[in-house]
Amino acid sequence: MRISNVAVIAGVGATDFSKNSGRSELRLAAEAVTAALRDAGISPAEVDGFCTFVMDNNAENELQRAVGAGPLTFFSRIHYGGGGGCGAVQQAVLAVAAGIANVVVCYRAMNERSEYRFGGPTAGAPTSEGVVAAYHALHGLQTAGAKMAISMRRYMHETGARPEDFANVSLAARRHAAVNPAAFFYKKPITLDDYMNSKMIADPLRLLDCCQESDGGVAIVVTRRDHPAVSQRQAVSILAAAQGMAPGTFSLMNYYRDDISPRDEVALMARQLYEQSGLSARDMQVGIIYDHFGPAVLPSLEACGFCEPGEAKDFVKHRNVEIGGTLPINTHGGQLGEAYIHGMNGIVEAVRQVRGESVNQVANVHNVLVTSGSGVPTSGLILGKL
Amino acid sequence: MNAIAKPRPPISNRDFDFFYRGLSERRLLVQKCWECGRLRNPPSPMCAACCSLAIEYVECKGEGTVYSYTVHHHPALPGFSTPHSIVLVELDEGVRMIGAIAELGDPASVIGARVSIEWTRSDDVDSFRFVRNV
């Protein structure tokens with residue numbers, strides 16, 4: 001059974017993105033889910049599946065109760081945090097393709113900025129992951145930034161990438177965000193001087209390399225191609241949906257495999273996207289490339305085949321990944337510029353690009369590739385016209 | 001009243017306990033598969049190469065070559081002062097290991113630098129850190 005082009009995204013919805021939502025995570029989830037259902041023209045009573053990914057605190061049954069969803073025949077949650085957003089959509093595709101459910105809503109709603117702050121040191125329990133984290137925390141390696149920094153420093157050593165190259169990702173994100181009213185950094189682009197002067201968080205990662213922390217919710221409605229609500233104008237086809245966990249992948253502590261940069265898991269995932277869809281990197285007009293850290297976009301571009309290994313530092317020069325370049329990426333401003341809803345707001349931007357409704361609309365969009373978090377077990381999508 | 005800070009033993013389990021016991025004995029231990037001889041790090045209950053559950057331990061000399069590094073600046077780290085330098089080292093025994101490093105030295109020559117370990121104790125937690133060889 002192939003899963004390409006059997007399911008569509010019929011609707012998307014989002015709350016405002018802020019530093020303090022002033023309301024519960026469940027309310028954010030309910031707002032985003034009902035907004036997405038209104039966008040799809042489908043009533044909550046028809047929803048028979050929910051998918052999310054971990055660290056979301058909104059249990060599927062609570063969301064069912066809040067929005068008046070119907071009896072649920074599918075409920076699923078993907079592991080590995082930010083690597084899991086597209087994986088949640090894959091789950092929905094699998095359920096719809098197998099006839100297990102008809103209308104599956106994928107969601108993420110979190111007061112990450114006002115209640116949790118993922119940027120800080122993490123404490124743990126003696127789970128299989130917790131003891132590995134503690135083994136590294138013993139030496140003061142405790143934050144996502146510091147863990148990614150070790151991988152990106154090696155990437156710099158192997159490819160010759162310099163901070164000025166990483167800056168191109170941040171500059172592009174902030175240029176795109178500057179014209180996006182939904183972006184936290186709306187009207188606030190940055191310069192190369194701003195980037196080079198921004199404070200060092202974990203060498204080589206600077207403040208302007210790091211995604212925001214945000215409160216907000218996003219939801220995506222997945223259903224069958226032939227659902228009566230599916231319209232040519234609204235619906236976007238899911239041409240491919242994949243996960244990837246290469247051997248030796250941890251949650252950011254990928255130090256024990258040959259290539260310690262955040263690349264192997266993305267390459268494994270991207271190979272499947274192209275195999276499922278019959279497309280290649282050349283067929284993509286837009287990339288939504290996960291920017292928990294701007295520098296990680298470089299190995300992701302290589303892993304997705306947009307350029308050769310080691311050459312992303314050149315690919316991102318001369319505004320090549322901005323509107324007007326050969327591959328505009330993160331046209332909403334990304335997680336550096338718009339908000340950090342763990343990749344879900346990026347999936348929504350991909351939907352807008354296919355629909356022709358982005359604030360930074362690229363001409364003649366047929367296919368958009370989306371990646372979830374790299375350096376962790378990951379996932380991705382290719383979305384396209386119906 | 002006891003004014004000494006409580007020890008903060010690392011979160012551990014049966015798979016990792018050997019390592020922390022080793023540190024308290026001033027031994028840097030890694031697992032070796034008793035069946036096929038393969039070394040592994042981080043610790044695991046089973047050998048991925050041959051699926052054996054039989055484990056023995058190798059005491060590493062603590063000498064190796066720096067593979068990568070970072071310097072942590074923000075946010076504050078409980079138990080450490082910042083900036084705090086951390087290296088990923090390829091030990092001569094053939095496994096990679098994370099450790100703090102006392103002085104990073106010239107950043108341009110850190111990757112590829114030879115290092116060795118010195119033992120530490122802080123707040124009753126036994127550990128080690130790397131130092132660049134002169």
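Leaving aside neighbours within four places in sequence, which residues is V89(A) in contact with? Select V89(A) and you can pick out C106(A), I220(A), V222(A), I238(A), A241(A), I347(A) and L381(A); contact here is C-beta atoms, placed from the backbone, within 7 Å.

Some ground rules: this is a predicted model, where local features need pLDDT of at least 70, side-chain atom pairs count only at pLDDT 80 or more, and totals for chains, interfaces and linings use all residues. Residues are numbered from 1 along each chain as its sequence is written, while chains are lettered from A and ligands numbered from 1 in the order in which they are written.

Next, colour the sheet in chain A. Nine strands form an open, mixed sheet in the order β3-β2-β4-β7-β1-β8-β11-β10-β9. (Strands are DSSP E runs of at least two residues, helices H or I runs of at least four, numbered from the N terminus; two strands pair if DSSP finds at least two bridges between them.) Strands β3 (74-78) and β9 (286-288) of chain A are at the edges with a single partner strand each, so one side of each has no neighbour in the sheet. From one strand to the next, the twist averages 25°.

Zoom in on β10 (residues 367-371) and β11 (residues 378-384) of chain A: they run antiparallel, joined by five bridges. Here V370(A) sits opposite L381(A).

Now show helix α13 (residues 344-355) of chain A. Among the strands it lies across are β1 (7-14) and β4 (103-111) of chain A, and it runs at about 175° to β10(A). That angle is between N-to-C directions, on a 0 to 180 degrees scale, with axes fitted to C-alpha atoms (for helices, over the stretch in contact).

Time to hop to chain B. Its domain assignment, automatic or from a database, gives domain 1 (11-60) and domain 2 (62-134). The C-alpha centres of these domains of chain B lie 21 Å apart, and ten residues of domain 1 are in contact with twelve of domain 2.

Last stop: the interface. Select the 29 residues of chain B that are in contact with 32 residues of chain A. On the chain B side, β4 (64-72), β5 (84-91) and β6 (96-101) each give two or more residues, with β4(B) giving the most, six. Two bridges join β5 (residues 200-203) of chain A to β4(B), running antiparallel; look for D203(A), whose bridge partner is V71(B).

Conventions. Two residues are in contact if their C-beta atoms, placed from the backbone, lie within 7 Å.
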